[in-house]
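Have a look at the structure first.

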Amino acid sequence: MAHWTSSGIALSCGLALWVAVQAAPSQQTVPIPPATFAAAKAHNRTLTYFKEGPRSGLRLDERAGDGLAWWPDVMFADGTITFDARGKDVLQQSFVGVAFHGLDTQTFDAIYFRPFNFKSTDPARRAHGVQYISHPAFPWDKLRAERPGQFEKEVSPPPDPNDWFHVAVVVQHPRVRVFVNGLTTPCLDIKQLSDRKHGWVGFWVGNGSGGSFA
């Protein structure tokens with residue numbers, strides 16, 4: 001099951017995605033017709049849709065450069081984005097996450113994971129398990145060089161790098177907190193580097209990476 005709720009305008013992205021109605025003061029959620037699932041826009045990826053046991057979702061293929069599956073008509077402000085993600089335990093070939101407050105395919109904030117680092121025996125690699133970025137001004141390498149350890153952290157306890165794991169991204173601009181597998185302590189707690197307070201939302205994969213989202 002995946003969903004987002006928002007105090008801004010929101011729209012579902014799929015069979016298992018749910019959203020808040022803007023006028024509802026208690027952030028009620030409502031189901032959106034399955035046709036909305038097929039409205040995802042792909043950037044530098046091919047999307048395929050799947051049903052796997054209780055999960056329905058989409059997969060992005062592997063290719064050079066970053067990729068997106070996004071909904072340009074969705075406006076997400078503050079709220080919670082939850083989803084299941086699955087990457088793989090292959091070094092430098094698995095970067096999976098969510099982009100939000102997007103203006104276009106080059107301008108957005110994102111939270112993503114490096115599953116191949118989850119259970120590494122190298123503490124330095126484990127410390128790079130989850131990452132915040134704000135494109136185009138603050139890519140991961142700039143943040144690591146100039147602000148080491150501030151915008152990427154270890155995911156503990158580590159999920160299975162080849163299996164599904166559950167993510168909740170809580171956005172309360174400028175604060176963003178990331179929770180994995182139902183834990184009440186965030187694995188990442190940062191202040192956004194962009195001043196954008198709303199924008200489109202979608203799934204994100206990194207260079208050379210594919211990924212599955214449900």
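What follows covers the pocket, then the aromatic pairs, then the histidine.

Keep in mind that this is a predicted model. Its largest pocket has a volume of about 270 Å³. Of the 18 residues lining that pocket, Gln92, Phe95, Tyr112, Arg114 and Trp140 are the closest to its centre. By class, the lining splits into eight nonpolar, six polar and four charged residues.

Now for the rings: searching the whole structure turns up 14 aromatic pairs. Here are two of them.

| Pair | Geometry | Centre to centre | Angle between planes |
|---|---|---|---|
| Phe95 and Tyr112 | edge-to-face | 6.3 Å | 75° |
| Phe108 and Trp200 | tilted | 6.1 Å | 45° |

Phe95 sits in the loop between β8 (79-86) and β9 (96-104) and Tyr112 in strand β10 (residues 107-113), so their pairing ties together parts 17 residues apart in sequence. Both Phe95 and Tyr112 are buried. Phe108 is in strand β10 and Trp200 in strand β16 (residues 199-205), so this pair links parts that are 92 residues apart in sequence. Elsewhere, Trp71, Phe83, Phe203 and Phe213 make up one aromatic cluster.

Last stop: His128, in the loop between α1 (123-126) and β11 (130-135). The His128 side chain reaches the backbone oxygen of Ala124 at 3.4 Å. Beyond its neighbours within four places in sequence, His128 is in contact with Arg114, Asn117, Arg144, Glu152 and Lys153.

Key:
Residues are numbered from 1 along each chain as its sequence is written. This is a predicted model: local features need pLDDT of at least 70, side-chain atom pairs count only at pLDDT 80 or more; totals for chains, interfaces and linings use all residues. Side-chain values use heavy atoms; hydrogens and water are left out. Helices (H or I, at least four residues) and strands (E, at least two) are DSSP runs, numbered from the N terminus. A polar contact is a pair of N or O atoms within 3.5 Å; within protein, one must be able to donate a hydrogen and the other to accept it, and residues adjacent in sequence count only if both atoms are side-chain atoms. Contact means heavy atoms within 4.5 Å. On a 1 Å grid over the protein atoms alone, a cavity is a set of points where a 1.4 Å probe fits but cannot get out, and a pocket is an open set with protein on both sides within 12 Å along at least five of seven lines; lining residues have an atom within 4 Å of a point. Grid points are joined across faces, edges and corners, and a volume is the space filled by probe spheres set on the points. Ala, Val, Leu, Ile, Met, Phe, Trp, Tyr, Cys and Pro count as nonpolar, Asp, Glu, Lys and Arg as charged, and the others, Gly among them, as polar. Rings of Phe, Tyr and Trp (its six-membered ring) pair if their centres lie within 6.5 Å; planes under 30 degrees apart count as stacked, over 60 as edge-to-face and the rest as tilted. Buried means under 20% relative accessible area, exposed over 50%, partly exposed in between (1.4 Å probe, protein chains only).
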